[in-house]
Amino acid sequence: MASDASLPLLQVRGISKRYGSRVALREVSFDLWPGEVLAVVGESGSGKSTLLNAISARDKPDAGSVQYRTQDHGLQEVFLMTQAQQRLLARTDWGFVHQNPADGLRMDVSAGANVAERLMGLGARNYAHLRQTAAQWLDRVEIDTARIDDAPRTFSGGMRQRLQIARNLVTSPRLVFMDEPTSGLDVSVQARLLDLLRRLTHSMQLCAVIVTHDLAVARLLAHRMLVMQGGQVVEAGLTDQLLDDPQHPYTQLLVSSVLQP
Ligand code: ADP
Ligand code: MG
């Protein structure tokens, strides 16, 4: 029953959050199914990061429920878990890729250690094996393995972001949260990173929630989309359908602003 495929991996119901008098999230609900990549799009300030932080148990909403289907116990309310349980999920089942790689990496320790650290968090101790796995992952994210002992501080922006992805995926998480993983990078660097993410999500059959203000990122990576405006989901649907035939005026505006030069 615990691994019942008829249950979503994540079930979000009516979550709301305000900062003082400002409403950051209003009654957001959705399900996320195994193997699905969901994009959350909307302009700056629409509540995307607040939503991502809430569903990844990083920041408690004021109201609503976030249930995660755990490996052993079926759907569990994440905000009723102990902090130790939440931390364990964050270390094992979940990954979180920050917009700014410095928030997700240890900038002064070696690239190899950045990748191996998550495995050590799961109890791996064999140095040769850790180093070999780290090297394999550097190669998988197209970082020259000769750089394994260099700190990410010496890496370019694109390399840092690829390293952050390796660090998150090395434990084969069931669910990865990403907040604007490609923004802040040059266009050609973005394209390479997007291509890498697309290949990894396909090959690992990753379940992911990707926050982006860039519809092209959603088009390339996501099966389904949520469109947010002012803290609310104004439209949701399959990516291709939603982008080809947007129904809500705000989505129409977003789509047409990309199509026009
Ligand atoms: P997005 O990620 O879509 O740009 P955010 O989720 O960061 O949007 O922000 C949603 C709204 O909540 C914005 O109006 C923002 O100013 C506000 N907000 C976000 N975080 C905080 C905070 N820590 N304190 C006060 N207001 C915040
Ligand atoms: Mg944001």
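Which element gives the largest share of the shell around ligand 1? That would be H1, with three residues. Before going further, note that this is a predicted model, where local features need pLDDT of at least 70, side-chain atom pairs count only at pLDDT 80 or more, and totals for chains, interfaces and linings use all residues. Residues are numbered from 1 along each chain as its sequence is written, chains are lettered from A and ligands numbered from 1 in the order in which they are written, and side-chain values use heavy atoms, with hydrogens and water left out.

Let's start at the ligand. The residues around ligand 1 (a heavy atom within 4 Å) include Tyr19, Arg22, Lys48 and Thr50. By type, the shell divides into two nonpolar, six polar (Gly counts here) and three charged residues.

Now for some polar contacts, meaning pairs of N or O atoms within 3.5 Å. The side chain of Thr50 has a polar atom 2.5 Å from an oxygen atom of ligand 1. Gly47 uses a backbone N or O atom, 3.1 Å from a ligand oxygen. Taken alone, ligand 1 exposes 560 Å² (Shrake-Rupley method, 1.4 Å probe), and the protein buries 62% of that. Strand S2 (22–32) and helix H1 (48–55), both DSSP runs (helices H or I, at least four residues; strands E, at least two), each give two or more residues to the shell.

Next, the nonpolar cores: sets of buried residues (under 20% relative accessible area) joined through side-chain atoms within 4.5 Å. The largest has 47 residues, and Leu163 is one of those touching the most other members. Leaving aside residues up to four places away in sequence, Leu163 touches (heavy atoms within 4.5 Å) residues including Leu105, Val115 and Phe155. Another core, of 30 residues, lies apart from that one, with Leu10 and Met81 among them.

Note on methods:
A polar contact is a pair of N or O atoms within 3.5 Å; within protein, one must be able to donate a hydrogen and the other to accept it, and residues adjacent in sequence count only if both atoms are side-chain atoms. Buried means under 20% relative accessible area, exposed over 50%, partly exposed in between (1.4 Å probe, protein chains only).
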